[in-house]
Amino acid sequence: MIYRKRTVPLIACLCVSVHVFALDLSLAEATARAKENNASFKQQQISLEQARRTKANEWNNFLPTIAVGAEAKNSHTNTTSDSSGKEKGFSNEWDWAITGSLSLTLSSSLPVSIKKDIVAYRSALESYNAAVNELEAKVASSYFTLVSNKENLAILTESLNLAKTEYDETNRRYGRGLASELDRLNAQYSYESIKPSIMSAESTYAANLAAFAVLIGLDSTDNLNLTDTLGMNKLSLPNSKQLAQDYVALRSDVLVKQYALETAKLNSLSTKLESY
């Protein structure tokens, strides 16, 4: 009897448990992310900071210019001897001089320039506040659109499941002769007609989710869970005339236009003063 040596490979199976964590995101957190990552909003912040620095540095025009200088001069003489034959020796003298000047140049248009910078800062601040409101509105609209899309998908999916149950039951009844061919076809149509609606809702949700991720600077939308729900609150508003009277003058775009008009007037005044 011949015994053959066989090598049996040992395969070790390593089981790895992967935990997938959901990203819970409230509206407040989404808005904070957008303010940190949105490029256009960052540009508004930079513009506001530049205007603030310009306004703060304008008072440097009232600081005098100081100039200080120093000068050292060395003079020496070397004589041989006087009439009696005695040497007078060597003399070495230093002359020191310190100079200084203080000057302050003021232009007649300087007060106008300062006011222009103040107006420019107010305009930049108003534009920034408008950008904040616009970004918050966009995030809220996008956020609750996704919530609505998801709820719509859940409703459609439930409708599909109910239609499938009804279709299966009708098929069983048809097989036992308790339902007509028309009943079976109607149940099948009700079931099949929901599928395109679900595909369209899924496509809409995916597109809105991608736009939302870009808006708030989200790298991945995998396992995203929106925690806030959509609620309806009754809003009581005055008539349109009263609304216009109370709020139009306070709109950011109206205020920015007013600041632009004031800046144009100051530019005209500054030009006139500099021509004198």
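**Entry: Ala207**

I started with Ala207 and found it partly exposed, with a relative accessible area of 47%. For my own notes: buried is under 20% relative accessible area, exposed is over 50%, and partly exposed is in between, using a 1.4 Å probe and protein chains only. Ala207 sits in helix α5. Helices here are DSSP runs of H or I with at least four residues, strands are runs of E with at least two, and both are numbered from the N terminus. I also looked up Ala207 against Leu146: they are 61 residues apart in sequence and 9.8 Å apart in space, C-alpha to C-alpha.

**Entry: what I am looking at**

This is a predicted model, where local features need pLDDT of at least 70 and side-chain atom pairs count only at pLDDT 80 or more, while totals for chains, interfaces and linings use all residues. Residues are numbered from 1 along each chain as its sequence is written, and side-chain values use heavy atoms, with hydrogens and water left out.

I noted 7 helices and 4 strands in the protein chain. Read from the N terminus, the order is β-α-α-β-β-α-α-α-β-α-α. Of its 276 residues, 21% count as buried. I looked at contacts too (heavy atoms within 4.5 Å). Among those in the protein chain with a separation of 6 or more, 76% are between residues 24 or more positions apart.

**Entry: the cores**

Next I went after the nonpolar cores. A core is a set of buried Ala, Val, Leu, Ile, Met, Phe, Trp, Tyr and Cys residues joined through side-chain atoms within 4.5 Å. The general idea is that in soluble globular proteins, nonpolar side chains tend to be buried together.

Which members of the largest core touch the most other members? I got Val139, Tyr143, Phe212, Ile216 and Leu226, out of 36 residues. At least two residues each come from α1 (27–37), α2 (39–57), α3 (110–175), α4 (181–192), α5 (194–216) and β4 (224–226). Helix α3 supplies the largest share, 15 residues.

There is also a second, separate core of 5 residues, and I found Val112, Val119, Leu255 and Leu266 among them.

I then checked Leu226, skipping its neighbours within four places in sequence. Leu226 is in contact with Leu25, Tyr143, Leu146, Val147 and Phe212.

**Entry: rings**

Is Tyr143 buried or exposed? Tyr143 is buried, at a relative accessible area of 0%. Phe212 is buried as well.

I looked for aromatic pairs, taking rings of Phe, Tyr and Trp (its six-membered ring) with centres within 6.5 Å; planes under 30 degrees apart are stacked, over 60 edge-to-face, and the rest tilted. The count came to 4 aromatic pairs. Tyr143 and Phe144 make an edge-to-face one, 5.3 Å centre to centre with 80° between the planes. For Tyr143 and Phe212, the centres are 6.2 Å apart and the planes stand at 65°, so this pair is edge-to-face. That pair links distant parts of the chain, with Tyr143 in helix α3 and Phe212 in helix α5, 69 residues apart. Ring pairs join Tyr143, Phe144 and Phe212 into a cluster.

I also looked for charges over rings (NZ of Lys or CZ of Arg within 6 Å of the ring centre and within 35 degrees of the ring normal). Lys164 lies over the face of Tyr191, at 6.0 Å from the ring centre. Arg184 lies over the face of Tyr174, at 5.3 Å from the ring centre.

Thr31 is in helix α1, and at 11% relative accessibility Thr31 counts as buried. Leaving aside neighbours within four places in sequence, Thr31 is in contact with Glu136 and Val139.

Ser142 is in helix α3 and counts as buried at 16% relative accessibility. Not counting residues up to four places away in sequence, Ser142 touches Asn208, Phe212 and Leu215.

**Entry: Asn223**

Last stop was the loop between α5 and β4, where I found Asn223. Most residues other than glycine have a negative phi. Asn223 has a positive phi of about 60° although it is not a glycine. At 42% relative accessibility, I noted Asn223 as partly exposed.
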